[in-house]
Amino acid sequence: MPGDKSISHRAAMFAAIADGATKITNFATSVDCASTLSCLSALGVAIEKDGSTVSITGVGKSGLKAFPDPLDCGNSGTTMRLLTGILAGQQFESVLTGDASLQKRPMKRVIAPMEQMGASIGSHDGRAPLVINGDPLAGIEYTPPVASAQIKSCVLLAGLFASGKTSVIEAVPTRDHTERMLAWFGSPLDESDSENGRRLTIDGTKQLTAKDFRVPGDVSSSAFFMVAAACLPGSSLELAGVGLNPSRTAVIDELKKLGAKIDIRNQRTECNEHVGDIVVIGGLENMENENIIRGGVIANLIDEIPILAVFGTQLAGGLEVRDAAELRVKESDRIAAVVENLKRMGGRVTEFDDGFKIERSELHCASIDSFGDHRIAMAFGVARLFAAGETEILDAECAGVSFPGFFETLSSVTT
Ligand code: S3P
């Protein structure tokens, strides 16, 4: 599997503002992570790339340089929201922009805490392009209104450049790569309990120290292969060296609960992240009970919901997903995209504001619209395996946003 996208973004950004040189191995090949690297190099960071090895010479906390043109984050929400935190703390103006999809996505969620800290950010009613004027920042205590690792990370990164202490209170835990990586780069957060959840605190005096980092395989990319192998009887597939951070593995727990035969082997810790090998055996233990995924767990499998929807079509009891309205503001409206495409393939599906209900369905070939969204293209690349005939996927190459070569890799393990 390619290197984890979330972790690669963070490794590049943290290495850029650390003191010293960091070599990152198994860096994600995704187009999104290339956007992060090109923004960082525009900001004056020396970066060398050799395949999936990236060497970054950190400029320290005060070494970033102004860039006169808009910085292009492409399709990548993580690039835009995390860089907003870093750039809010600089004493110069920056503009962050992105492609048509990114310019539609909600940015008020990061603008609001940055303004509370003292930054001024211009936008088109909360959408990119964002004009970020780095002003001196002061620490705040912030409770994000939606469960989002991107908001949490934006505020903590800004906190590195703020006077005093900055805290984020998380009512619903989200992926904790930022916390783990801050510790790896020598500046662990303080953690304490609060009435409303876990309080994470960073001290603005902290410096980061360069330290080589190995990125584990991407568990979100692995989910497509887990579903394909689990649903095709006779399969046997091993995915080696995949990131198994507990805040990301809810998808594995759910797949197992829903009847998939998945085994985890060779568990270890590398660079503060859990890693292991995933073994999947084909053939579902077909349980008739009705299945529903909802509540706090949604934040921990948000990126895997499109492929879980496809999985739902193969389950005797179907699958209902609720409390997932966040899917409507991802790279596409993923609730609408999943429902539309499953219907095109003959799926029996009901749409809700915050999710959908899928009944076991005999899928047939169809023309699929990826809506330019990588995870929709890949989810239906797997659905195609369950349908007789030729299914075409429009704009399938957008899969490269997280997984260049996805379709080739999938055909290399299917017959
Ligand atoms: C990400 C967090 C999630 C996820 C995205 C990557 C991250 O977004 O959907 O693909 O790397 O922090 P939110 O934080 O907006 O939920």
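A residue is called buried when its relative accessible area is under 20%, exposed when that value is over 50%, and partly exposed in between, using a 1.4 Å probe and protein chains only. The views below show a predicted model, in which local features need pLDDT of at least 70, side-chain atom pairs count only at pLDDT 80 or more, and totals for chains, interfaces and linings use all residues. Residues are numbered from 1 along each chain as its sequence is written, and side-chain values use heavy atoms, with hydrogens and water left out.

**View 1. A324 sits in the loop between β19 (319-321) and α10 (334-344)**. Helices (H or I, at least four residues) and strands (E, at least two) are DSSP runs, numbered from the N terminus. Because its relative accessibility is 0%, A324 counts as buried. Leaving aside residues up to four places away in sequence, A324 touches I298, I305, I335 and D354, where contact means heavy atoms within 4.5 Å.

**View 2. Helix α3 covers residues 77-88**. The 12 residues of α3 reach 16 Å from the first C-alpha to the last, close to the 16 Å expected at 1.5 Å a residue, the expected span being 1.5 Å times one less than the number of residues. This helix is mostly covered, with 12 of its 12 residues buried; among them are G77, T78, R81 and A88.

**View 3. The ligand is surrounded by residues that include T78, R81, S148, Q150 and K330**. A residue is near a molecule if one of its heavy atoms lies within 4 Å of it. Polar side-chain atoms lie 2.8 Å from a ligand oxygen atom in the case of S148 and 2.7 Å from a ligand oxygen atom in the case of K330. For Q150, a polar backbone atom is 2.9 Å from an oxygen atom of the ligand. Taken alone, the ligand exposes 380 Å², and the protein buries 94% of that, with accessible areas coming from the Shrake-Rupley method with a 1.4 Å probe.

View 4. Of the 415 residues in the protein, 60% are buried.

How values were computed. Polar contact = N/O pair within 3.5 Å; in protein donor to acceptor, adjacent residues only side chain to side chain.
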